[in-house]
Amino acid sequence: MTTYSHWRQRAAELVPRTRLFIDGAWADPCGDRWLPTVNPATGKTTAEVAAGSPADVDRAVTAARTSFEDGRWSRTAPERRKRVLLELARLIETHGEELALCDTLDMGKPVAESYGTDVPGAAGVFAWYAEAVDKLYDEVAPAPPGNLALVRRAPLGVVGAVVPWNFPSTSRAGNWRRPWPRATASSSNRPSSHRCPRCGWPNSPRRPGSPTAC
């Protein structure tokens, strides 16, 4: 199922989703700006993707803040949240080939690594936190005699995340679950634009002495 000819056929059939996903729906970018995503193996444009503007970021943050404050997720029963996160992990695995191809065609990672490492890693992140929902508790911290110190984990609110180029699926999953506890926070997410358009290597900023883009 994962031969070279299989991947070539799947790539030819792939139809990337190119619009912004905000508040549970696909949307065109404000200002109607689009950017080419270039296959680093061929130098050809795979698709024109929506270029998010500050107005689009505001839309995403507003939607995330609304979903956080109205409690549609954070006040959902733990067993329900667990089922949802486990279903998300299952869907990632089910659509693993599509997700792996999207990452490989976008940034050049070998598809065997995208499919065999990055996508399962993303599914595993959600599965781990799903199982933690009803198993991890707050703590009683050490304190002097006559005192009681409690450690209570509470979500802070909306998180904005920029996904790095090398393990996008796993990093994206990690950023979505990062506002612990129990995967209750809301997130606005975008890929990094600071990378070489041919090989995907980050081109700014770069530490002195680090490898350069092609």
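**View 1. Valine 38 stands opposite threonine 45 in β4.** This is a predicted model: local features need pLDDT of at least 70, side-chain atom pairs count only at pLDDT 80 or more, and totals for chains, interfaces and linings use all residues. Residues are numbered from 1 along each chain as its sequence is written, and side-chain values use heavy atoms, with hydrogens and water left out. β3 pairs with β4 (residues 45-50) in the antiparallel sense, over five bridges. Pairing requires at least two DSSP bridges between two strands. The two strands form a hairpin, with six residues between them. Glycine 43 sits in the turn and has a positive phi of about 75 degrees. In a regular strand, side chains alternate between the two faces of the sheet.

**View 2. Aspartate 23 has a positive phi in the loop between β1 and β2.** The phi is about 55 degrees, although the residue is not a glycine. β1 spans 20-22 and β2 spans 25-27. Is aspartate 23 buried or exposed? Aspartate 23 counts as exposed, at 56% relative accessibility. The classes are buried (under 20% relative accessible area), exposed (over 50%) and partly exposed (in between), with a 1.4 Å probe and protein chains only.

**View 3. Aspartate 32 lies in the loop between β2 and β3.** β3 covers 34-38. Aspartate 32 is not a glycine, yet its phi is positive, at about 55 degrees. Its relative accessible area is 54%, so aspartate 32 is exposed.

**View 4. Val140, Leu148 and Leu150 make a nonpolar surface patch.** The patch comes to about 360 Å². Patch residues have over 30% relative accessible area and no salt bridge; like charges are joined within 9 Å, nonpolar side chains (Val, Leu, Ile, Met, Phe, Trp, Tyr) within 5 Å. A salt bridge puts a side-chain nitrogen of Lys or Arg within 4 Å of a carboxyl oxygen of Asp or Glu. Leucine 148 is in the loop between β5 (139-141) and β6 (149-151). With a relative accessible area of 66%, leucine 148 is exposed.

View 5. The order along the sequence is α-β-β-β-β-α-α-α-α-β-β-β-α-β. Of the 214 residues, 33% count as buried. The accessible surface comes to about 13100 Å², and 57% of it belongs to carbon and sulfur atoms. Areas follow the Shrake-Rupley method with a 1.4 Å probe; for residues, only the protein chains shown count as cover.

Terms used. Helix = DSSP H or I, 4+ residues; strand = E, 2+ residues; numbered from the N terminus.
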